[in-house]
Amino acid sequence: RRCVGRTGSSPRADATIAHARTMLDAVESGQLALSAAEPELTTTLAESQRLVSSSMTLSSLHARHAAAAGQWSEAERWLSEGSAWQRGAGEQADDLLTLAAVRTGQGRADEAADARSRSATLWPDNPRLAYLRPEVTAG
């Protein structure tokens, strides 16, 4: 198995993954309410997972979705699955920002700050740093 970060296994998979990522970006940045995005986001993630090879996982996207919904244990489960794979610095940085959001939601500010700091070290120009909630990205 391998973890899918930036691409899927087909043009259609790539398109649905990009669409899910864009919707999650809009939710995290406050441009779109999760309640408005939820039906389409859930459908898009399911379609993306269906389109990629059975040996691939979209754990980072599933974790971001769960974190946006405040489902902390579900987000942790997806992050744990994703951490088992060898991935590039950008994907690791994104997962660390998602972990920072989870830790913030759990009231674990010190751990959130640590995850955010490690993320910024891996990818200082990550666009998610600019729009995640201030309590997640303050450091």
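Leucine 61 touches Ile17, Ala20, Arg21, Leu24 and Leu45, leaving out residues up to four places away in sequence; touching, or contact, means heavy atoms within 4.5 Å. This is a predicted model, where local features need pLDDT of at least 70, side-chain atom pairs count only at pLDDT 80 or more, and totals for chains, interfaces and linings use all residues. Residues are numbered from 1 along each chain as its sequence is written, and side-chain values use heavy atoms, with hydrogens and water left out.

**The nonpolar cores**

- Leu61 turns up again in the largest nonpolar core, which has 14 residues; Ile17, Ala20, Leu41, Leu45, Val52 and Leu61 are the ones that touch the most other members.
- A nonpolar core here is a set of buried Ala, Val, Leu, Ile, Met, Phe, Trp, Tyr and Cys residues joined through side-chain atoms within 4.5 Å. Buried means under 20% relative accessible area, with exposed over 50% and partly exposed in between (1.4 Å probe, protein chains only).
- Helix H1 (11–28) and helix H2 (34–51) are the elements that give two or more residues to this core, and H1 gives the most, with six. Helices are DSSP runs (H or I, at least four residues), numbered from the N terminus.
- Apart from this core lies another one, of eleven residues, including Ala67, Leu79, Ala100 and Val102.

**How H3 and H5 pack**

- Helix H3 (residues 59–68) and H5 pack at an angle of about 20°, and their axes are 10 Å apart. The axes are lines fitted to C-alpha atoms, for helices over the stretch in contact, and angles run from 0 to 180 degrees between N-to-C directions.
- That makes H3 and H5 roughly parallel to each other, a label for angles under 35 degrees.
- On the H3 side, the contact is made by Ser60, Ala63, Arg64 and Ala67; on the H5 side, by Asp95, Thr98 and Val102.

**Aspartate 95**

- Asp95 sits in helix H5 (residues 89–105), and it counts as buried because its relative accessible area is 7%.
- Its side chain and that of Ser60 are joined by a polar contact of 2.6 Å (a pair of N or O atoms within 3.5 Å; within protein, one must be able to donate a hydrogen and the other to accept it, and residues adjacent in sequence count only if both atoms are side-chain atoms).

**Asparagine 126**

- Asn126 lies in the loop between helix H6 (109–122) and helix H7 (128–131), and is buried, at 4% relative accessibility.
- Beyond four places in sequence, Asn126 touches Ala93, Asp94, Leu97 and Ser119.

Notes. Angles under 35 degrees count as roughly parallel, over 145 as roughly antiparallel, 65 to 115 as roughly perpendicular and the rest as oblique.
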